[in-house]
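The following explanation accompanies a sequence and its structure. Please keep both in view while reading.

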Amino acid sequence: MKIFHSYPVAALLGLGLAGILPAATPSINITPFGSMADGRAVNLYSLVNASGARADITNYGAIIVRLFVPDRAGRFDDVVLGYNSLADYQRASPYFGAVVGRYGNRIAEGRFTLDGRTYPLVTNNAPGGIPCHLHGGTVGFDKVLWTAEPSLVDAAPALTLRYRSRDGEEGYPGNLDVTIRYQLGEDNSLSVEYRATTDQSTPVNLTQHSYFNLGGEGRGDILDHVLTLNASRFTPVNAGLIPTGELAPVAGTPFDFRQPRAIGERVDEPDEQLKFGGGYDHNFVLDRPEAGGLAHAATVFEPKSGRVLEVWTEEPGVQFYCGNFLNGSHVGKSGRAYARRYGLCLETQHFPNSPNQPSFPDTILRPGREYRTRTIFKFSAR
Ligand code: BGC
């Protein structure tokens, strides 16, 4: 295991690298990635496994900036959307690659009641003109600086990121101590382990917001990607993208991905739910053999490159968002604008608006308890 602070090597590795990479020994390369407005330094950590797959992660927002994995011919491409510079992330990012929290997804009207007290949250989103709280607020976990500790865990390069979210931040109660550990496995799996503890009861729902394009970022839309979702129900929403509370069967609807289907096949069908989201932007209720433990949530296959992404999670749900709100205004790493549906997200999570929806699985973390969950993104090719 090598940990480098070698800036010239970083310049070589840093930008737009694609092609066949030689076999490597697992390593972590650390390079500067700019600084926060208050002067704190931000870094980029390049995790490389023995077969040359590479994840570049910054401690700003715990963002996965680049992710190079091989296609069926062994060619490496960057399969996540994002920017080359910290300034671009700070200026305008629809959560590209970030960890979102304290509560990933929406909370209706930006408020919830817990143990008899009502907590107002920042409202920072208004689908259909209906205000809500989205992804932790104006300055969520995607916009803060985390402390970072690179290490070798079970012979795989890992990065542990920590952040203390203060009592009252964005309206949430309690000091919340959050730890995220990314680990790049020998088998081209990127695992994300989330932990948190609190000193007051608070909602917690953390997720990873990477936009994947298995054909390579910026190369086109994801409508030809073939998706399988291990979910026989989903949570339909109202015009404000807040779940109605119903767990509706997907059978006979464009939401049935239990058998592999191209994303573009039904995305523009005249369906009220698709109309609300401008396409897929919905939480699916995962079918799992038993409660808890890692379960298969989704598989995505991109026919041209042959790349496959499998998502495994301990969470009960996954938000499948097909990049409907991308509109060409974000110019990504390779200098190409990200047009509508140029990336897809599979945000493993508890269901949206759970703090206001008693029938949904509980998202309240209590003092003395530990929030702990894991999601694995596993890449291969066929
Ligand atoms: C939400 C979308 C939102 C996007 C980025 C996704 O998680 O489901 O509705 O537009 O994040 O802001």
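The space taken by the ligand is the largest pocket. A pocket is an open set of points, on a 1 Å grid over the protein atoms alone, where a 1.4 Å probe fits and with protein on both sides within 12 Å along at least five of seven lines. The model is predicted, with local features needing pLDDT of at least 70 and side-chain atom pairs pLDDT 80 or more, while totals for chains, interfaces and linings use all residues. Residues are numbered from 1 along each chain as its sequence is written, and side-chain values use heavy atoms, without hydrogens and water.

Around the ligand (a heavy atom within 4 Å) stand Pro-94, Tyr-95, Arg-106, His-135, His-209, Tyr-211, Asp-281, Gln-319, Tyr-321, Phe-325 and Glu-347. An N or O atom in the side chain of Arg-106 is 2.8 Å from a ligand oxygen; for a polar side-chain atom of His-209 the distance is 2.9 Å, and for Gln-319 it is 3.2 Å. The protein buries 93% of the 310 Å² that the ligand exposes when taken alone (accessible areas by the Shrake-Rupley method with a 1.4 Å probe).

Elsewhere the reader may trace an open sheet of 9 strands, in the order β12-β13-β14-β15-β28-β24-β23-β18-β21, with antiparallel pairing. Strands are DSSP runs (E, at least two residues) numbered from the N terminus, and two of them pair if DSSP finds at least two bridges between them. At the edges, β12 (147-153) and β21 (261-262) each pair on one side only. Strands β13 (residues 156-165) and β14 (residues 176-184) are joined by 8 bridges, and Tyr-163 stands opposite Val-178 in β14.

Notes: Helices (H or I, at least four residues) and strands (E, at least two) are DSSP runs, numbered from the N terminus. A polar contact is a pair of N or O atoms within 3.5 Å; within protein, one must be able to donate a hydrogen and the other to accept it, and residues adjacent in sequence count only if both atoms are side-chain atoms. On a 1 Å grid over the protein atoms alone, a cavity is a set of points where a 1.4 Å probe fits but cannot get out, and a pocket is an open set with protein on both sides within 12 Å along at least five of seven lines; lining residues have an atom within 4 Å of a point. A molecule sits in a cavity or pocket if more than half of its atoms lie within 2 Å of its grid points.
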